[in-house]
Structure formats: structure tokens, C-alpha cells
Amino acid sequence: ITIGLSLMIAILETLYWRDPKPADRLVIDLFSRLFLINFAVGVVTGIIQEFQFGMNWANYSRFVGDVFGAPLAIESLAAFFLESTFIAVWIFGWDRLSPRMHTLAIWLVAFGVTLSAFNILAANSFMQEPVGYRLVHHHLEMISFGAILTNPQLWVEFPHVEFAALATGGFVMAGVSAYYLARGRFVEQFLRPFRVGILGALVASILVVVIGHEQAQHLVTAQPMKIAASEALWQTSGIHAAWSLITIIHPKTHQSVPLIAIPYMLSMLAYNRLSGRIAGIENLQRLYVHRYGPGYYVPPVIPTFWSFRIMILFGFLMIFVALWGVLLDRHGLLLKRPRYLKLMVWAIMLP
């Protein structure tokens, strides 16, 4: 919410700076309070997580701390201080700065929270696909920070998360505005933030789906077990792999019974062509035991399978709801559709 809402507020304040109206200032103040509440929650939970690294995951921190800690340190010392400083400038600078400088402050906040996300995801991407390290005396040492910043996992993961955050911010702004529009209160003031939010939600939702597809394709080679679990694929597929929409999964017997399957679709999704095998869970389990030693390397298949499909469903619902709102507004029908406005309040939960 903080990543997405900061950009939406920055756009809203830029429009206010170009055409200032006192009532619009009050609307920006409302969204600013929602942003600051979530920012404060993020600070508190972030502090707790720092303790978790040392207490809950101490062995992990000892093993990868020299690599994993670097992007997190940059996030704290650079990105977080940047956003915190300019949040203060922005909060207390309404009547002390020129409108141009005050607008610049919120844009720097938006840049800071995005930079925070980038550094945190650089650390997470190292967990998913370790690069730029060497093993020395039973712990990892960094040999290339550039490799961490150019990790191929990072450059599919970061935009996917970033646009998901922007979609969240857009739905929050549009949903809160729809709450007032549905009740006929402050209609003139909340039309602009609704338009900013719903357009941002539409663009970001489309990009979430597109880049999510690219990320899944990357995982076919980078983390094949994750893809196999998300497809409940126990044995390696045939050359023309079908994509199962609904499947009955039996984890104990390692069997999956597809009820609705689309021929060729899984090969198409994985390789952008009609042919291509997907490695199965059992084959990968044997490979990992041979490569890494004894252990059970299979994630929980049922929640992985269904959460993946629910995510896809919600992604397309986000596009549909946002596109519906843009079209209604474009044709001047938005205020004549109170059911849609009420739906938009609940749609905040979709992203």
C-alpha cells in the first residue's frame, strides 16, 4: 500500500499543483493519512523482522549474512532514510515550501519506497537464485555486488512486485473514492482521485499479468520444482503439455487427476511454443537428492497448486474491474452505476 499509494498521491498532488483548489487539498490530506498509517505499520513490522533474522533464522544469517545483509543494509541506510527524510519534509512543509518543492518531496518519497523495494527484493532474489558469492569456511562471502544487482531473478521479481504494489495503491485510491461517490458525498472532489486510481490500477494490473508470465517462464529453468508443484505434476510431462485448470490431487499416492485441462497450454505458457516438456516432482526429487544429499525437496503441492490459480484469477479480475471503471467514467456513466461503486470498495481486497 505504501509503495503504490505514494505514487498515486504524487500524481494527485502534481495535478493539484497545476490547478490548486482548496477542496482537493483536503482529499490529498485524507490519502496522506492512510499512507502514513501504513508507513508506520511498515516501520514497526520491519524492526520485528530485523530481530527475526538474528533470533528465528540465526543459522541462516550466519551462513549468508555477508551477502544477504548488504542489500538490506543499503535499504536501511539509503532508501529508508531517503523516504523518511522527505516524508517529514512533505508532512510539515505544506505551508513552508513552495508548491513545486512540496510536490517534489512526495515524488522523492515515491522514489525512496521503490528503492527500498528494489533492495529488499535483491536480497529475496538471492534466496531464490544465489549469485555473486563463494563458499569460504562454511559460510558465503560476496565476490560481486554487481552480480546481485543483475540477478536475472531480480529483474523478473522486482517489476512483478512493483506493479502489484502500484495496482494495490490504485485500487485503494479508487475504492476509497468510490465509497464517497456511491453516497453522493464530495462528488466533485473525489472524481479526480478515482480517475487517477482506476487508471493506475488498470495499467499496473495488466503489467502484473504480463511480467508474472515472464517470471513463471524464468522459474521453469531457475526453480523447476516450484513450477512442478504449482502444476501438481508428479511425472515429467509429455512433449505437448496440457495446462490443468482444476485437478484432484493425491499427495500420498503422488497422483493428480485433471478434471479440466487445456491441451498444449502448459508448453505454450512455459516456452511460447506448442511443444516442450515440464520436469516432474519425482524426477526432480531424485535429481536433488543426488545433487544436494538426502532430504525431501518437495513443497506442499495442494496449497501451491491452488494459490497459483487463485492468484491468476484475481489478476484477471483486477483487469476486468479496473477496465470496467475506466469505460464507465469515459462514457459519463460512473455516477449512474452505484452498484459498481459499491463493488469497487470491496475490490480493494483483490490485489
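## Helix α6

Helix α6 covers residues 154-182 and has 29 residues. Its first and last C-alpha atoms lie 41 Å apart, close to the 42 Å expected at 1.5 Å a residue. The expected span is 1.5 Å times one less than the number of residues. Helices here are DSSP runs of H or I with at least four residues, and strands are runs of E with at least two, numbered from the N terminus.

This is a predicted model: local features need pLDDT of at least 70, side-chain atom pairs count only at pLDDT 80 or more, and totals for chains, interfaces and linings use all residues. Residues are numbered from 1 along each chain as its sequence is written, and side-chain values use heavy atoms, without hydrogens and water.

α6 is mostly covered, with 23 of its 29 residues buried. Buried means under 20% relative accessible area, exposed over 50%, and partly exposed in between (1.4 Å probe, protein chains only). Gly184 follows α6 and has a positive phi, near 70 degrees.

## Helix α1

Helix α1 spans residues 2-18. Its buried residues include Ile3, Leu5 and Tyr16. They pack against α2, α3, α4, α6 and α7.

## Gln285 in α10

Gln285 lies in helix α10, residues 281-292. Gln285 is buried, at 15% relative accessible area. Beyond its neighbours within four places in sequence, Gln285 is in contact (heavy atoms within 4.5 Å) with Met225, Gly295, Tyr296, Tyr297 and Val298.

Strands β3 (residues 243-250) and β4 (residues 255-262) pair antiparallel over seven bridges. Pairing requires at least two DSSP bridges between two strands. Trp243 stands opposite Ile262 in β4. Four residues sit between the strands of this hairpin, where His254 takes a positive phi near 55 degrees.
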